[in-house]
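I opened this notebook to record what I looked up in one structure. The entries follow the order in which I went through them.

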Amino acid sequence: MKNNVLTITDGRTDKTYSLPIDHGTIRAMDLRQIKEDAEDFGLMTYDPAFMNTASCRSSITYIDGDKGILRYRGYPIEELAEKCTFLEVAYLILNGELPTETQLQEWVYEVKHHTMLHETTKKFLEGFRHDAHPMGMLVSTVAALSTVYPEARNVLDPANRKLQIVRLIGKVPTIAAYTYRHSLGLPYIYPDNDLAYTANFMNMLWKMLEPKYLANPVLARALSILFILHADHELNCSTNAMRAVGSSQADPYLSVAAAAAGLSGPLHGGANEQVLKMLDAIGTKENIPGYIEQVKAGKLKLMGFGHRVYKNYDPRARIIKWTADQVFQVTGRNTKLDIALALEKIALEDEYFIKRKLYPNVDFYSGIIYQAMGFKPDMFTVLFAIPRTVGWLSHWDELMGDAEQKIARPRQVYTGSAERHLPAGKPTIGVTVSA
Ligand code: ACO
């Protein structure tokens, strides 16, 4: 009969321990009983970069990296991308079930009625230099909302959490659009509640003097699909930041700002901007083999390739390629797509990439679409942050309701000096504390 127990013999003491196995894990705290002697602290695990550590139980997103599977609350990403709106998926991620028609109407109404920013927040944005990076503006402005909603600190009250969640999902696109308008020196455009989530975002980005801005429906739907694909991805770097900061009971505005800061790095959400820079640097198809050689020599990274979890084709990249075709029928083909396709083909046939299971990730094609739609590359990561706010908040809400969780506080392996002392002649400044 199957015995869900791990038996460990400590070679230092010859003692044997039985540790229960649950969901393919052992509890790290069960290792603490394994000691050399009574003085010993007990055994720990050492796992830099969390390569093999589960830090929570979560029922939000399921990924099978080997099979290239991604599901939100059990639903395959392909079905959600084909048949749902972004706010429908946001409701699903946050609440665990798809909304009924009435629930959806109420949810959309609520989000739409939290899209405006306090006028002082607009003034706050005005203080940034014209060339400030939009991610820096987004992170700081989301953090600044903490000062506008001080009651958000009451994080243990589920109803209060729900209000802040709706506020953030409503306001993040407005902040994102204002960072864009600010960098172009254009006046801010108020939200238009007649419009759907992505169409309203496009209105706040691109409305000029026309009385009403109506986004191209194909582009608005494409953006909605891209938002669905980016809404959650379980415990990536930014979601881990959200959970770590949230575990101190910081308010959700400060925690989302921390998560967005995590997203901004080029190894995470910042990769989409880097892909465009890389394609620009490559320039023509003829330069691809030389570029690949430099990657293989360890001098460069192929941005938009590789993933900590997916060791098979990222299912989001496949949907994005399909979306790109729809977008290019409206905008005309982005010439960078040809370089990207040629680069992908060569990389997928090369032993270096095959051996390391490196495939295009979600960011490889998203930037090409965003550029064709009219976004500047420094906005790409902001476009990632808008939908991922849903995932961050969903994880935060799950964390707050999880009785097993406490403040996140990893252990370290100390490798510094043993105790040592300042020179005997060094004079005291103020109080004497040592004997
Ligand atoms: N180009 C070239 N080589 C790569 C790449 C890449 N993009 N990614 C990984 N490798 C190589 C590594 O050099 C390493 O080779 P080695 O075994 O000879 O040392 C091997 O593949 C394993 O890579 P790791 O760095 O150990 O993988 P890790 O899981 O730590 O990193 C990451 C994952 C950060 C995504 C990495 O693949 C990367 O830097 N990719 C480029 C940036 C990127 O596209 N990020 C977006 C990720 S998706 C997202 O966050 C939305």
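**Entry 1: A pair within one helix**

I began with E349 and K345, which stand four residues apart in helix α14 and are therefore separated by about one helical turn. The model is a predicted one. I found that the side chains of E349 and K345 meet in a salt bridge, at 3.4 Å from N to O. I then looked up their accessibility: E349 counts as exposed at 54%, and K345 counts as exposed at 53%.

I noted next a network in which salt bridges with shared partners join D22, R27, R57 and E404.

I asked myself which residue forms a salt bridge with K321. The partner is E344, and the closest N and O atoms of the two are 3.5 Å apart. K321 belongs to helix α13 (residues 315–331) and E344 to helix α14 (residues 336–349), so this pair ties together parts 23 residues apart in sequence. Is E344 buried or exposed? I recorded E344 as buried, at 5% relative accessibility, whereas K321 is partly exposed at 30%. The limit that matters for E344 is 20% relative accessible area, under which a residue counts as buried.

I then turned to K162, which forms a salt bridge with E110; their closest N and O atoms are 3.7 Å apart. Helix α6 (residues 158–184) holds K162 and helix α3 (residues 101–112) holds E110, so the pair ties together parts that are 52 residues apart in sequence.

**Entry 2: The chain as a whole**

I counted 17 helices and five strands in the protein chain. The radius of gyration is 25 Å, close to the 22 Å that the globule rule gives for 435 residues, so the chain is as compact as a globular protein of that length. Along the principal axes, the C-alpha atoms fill a box of roughly 75 × 60 × 55 Å.

Of the 435 residues, 47% are buried. Among contacts with a separation of 6 or more, 70% are between residues 24 or more positions apart. The accessible surface comes to about 22500 Å², and carbon and sulfur atoms hold 55% of that surface.

Terms used
Residues are numbered from 1 along each chain as its sequence is written. This is a predicted model: local features need pLDDT of at least 70, side-chain atom pairs count only at pLDDT 80 or more; totals for chains, interfaces and linings use all residues. Side-chain values use heavy atoms; hydrogens and water are left out. Helices (H or I, at least four residues) and strands (E, at least two) are DSSP runs, numbered from the N terminus. The radius of gyration is taken over C-alpha atoms; the globule rule is 2.2 Å times the number of residues to the power 0.38. Buried means under 20% relative accessible area, exposed over 50%, partly exposed in between (1.4 Å probe, protein chains only). Contact means heavy atoms within 4.5 Å. Accessible areas come from the Shrake-Rupley method with a 1.4 Å probe; for residues, only the protein chains shown count as cover. A salt bridge is a side-chain nitrogen of Lys or Arg within 4 Å of a carboxyl oxygen of Asp or Glu.
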